[in-house]
Amino acid sequence: MVLCDGKNVLPLATSQDHKRLQDGDAGPNTGGMGAYSPAPVVTPDVHARAMREVILPTIRGMEKDGIPFTGFLYAGLMIDAHGQVKTLEFNCRMGDPETQPIMARLKSDWVDVLWAATEPVGGKALAAMELQWDRRTALGVVLAVAGYPHLPRMGDAITGIPKETDEVVVFHAGTQFEDGVLKTSGGRVLCVTALADTVKVAQIRAYDVAHQIHFEGLQFRSDIGLRALRP
């Protein structure tokens, strides 16, 4: 994910998501059942290649065509064992659930970052921006409703969400208040996101909180972060 002002490009931290519904990458594809940041698969060489071969040519091409792109550009990439980069898709937004771990790691003032991107095309503010990141790993686990992704069931009461701490935050997506009761209102309901010095500890923290939360039919993967933990 990068932020663009039509000419300058500011990369965000790397992340990797889990598209399949069930453990071990089984079951149907979803919008994403969890993610972690940084993504070990995106080495400095892979990152440089993605910027050089995918992001910058796209931004320069749109500028050349007279339609400079401003906003968030999200390139969904597939990376093979040799570090070769293939583009699967582009989105003109931040990604879900990749954004949650990324935002949990961001230490810079987000308002300043967004404001810098509002300057006219090719302004100096975004070009001068340098983001500060928490060095820890952030890992997010998506809690989804019964029947997701094909026939999501909604309207069930949600309980057990703990208060936010410096180590764990629960992001809301498909929730709504109805008569003072927090209820499910979407397929992917919450993203429990934890910070820790290692992927394993972040995983443990996230799942400790996930197991405290309840709504009828709740489902989530139990192996988010598996790729980062494989030898």
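1. G76 stands opposite E89 of strand 8. Strand 7 (residues 70-79) and strand 8 run antiparallel and are joined by 6 bridges. Strands here are DSSP runs of E with at least two residues, and helices are runs of H or I with at least four; both are numbered from the N terminus. Two strands pair if DSSP finds at least two bridges between them.

2. A note on the basis. This is a predicted model, in which local features need pLDDT of at least 70 and side-chain atom pairs count only at pLDDT 80 or more, while totals for chains, interfaces and linings use all residues. Residues are numbered from 1 along each chain as its sequence is written, and side-chain values use heavy atoms, with hydrogens and water left out.

3. T30 sits in the loop between strand 5 (26-29) and strand 6 (34-37). T30 counts as buried because its relative accessibility is 10%. Buried means under 20% relative accessible area, exposed over 50%, and partly exposed in between (1.4 Å probe, protein chains only). A polar atom of the T30 side chain lies 2.8 Å from the backbone nitrogen of G32. Leaving out residues up to four places away in sequence, T30 touches H18, K19, R20, L21, Y148 and P149. Contact means heavy atoms within 4.5 Å.

4. T184 belongs to strand 12 (residues 181-184). T184 is buried, at a relative accessible area of 1%. Beyond four places in sequence, T184 touches residues including V145, R153, D156, V189 and F215.

5. P162 lies in the loop between strand 9 (137-144) and strand 10 (168-172). Its relative accessible area is 29%, so P162 is partly exposed. Not counting residues up to four places away in sequence, P162 touches V170, V209, Q212 and I213. P162 and C4 are 158 residues apart along the chain, and their C-alpha atoms are separated by 36 Å.

Notes:
A polar contact is a pair of N or O atoms within 3.5 Å; within protein, one must be able to donate a hydrogen and the other to accept it, and residues adjacent in sequence count only if both atoms are side-chain atoms.
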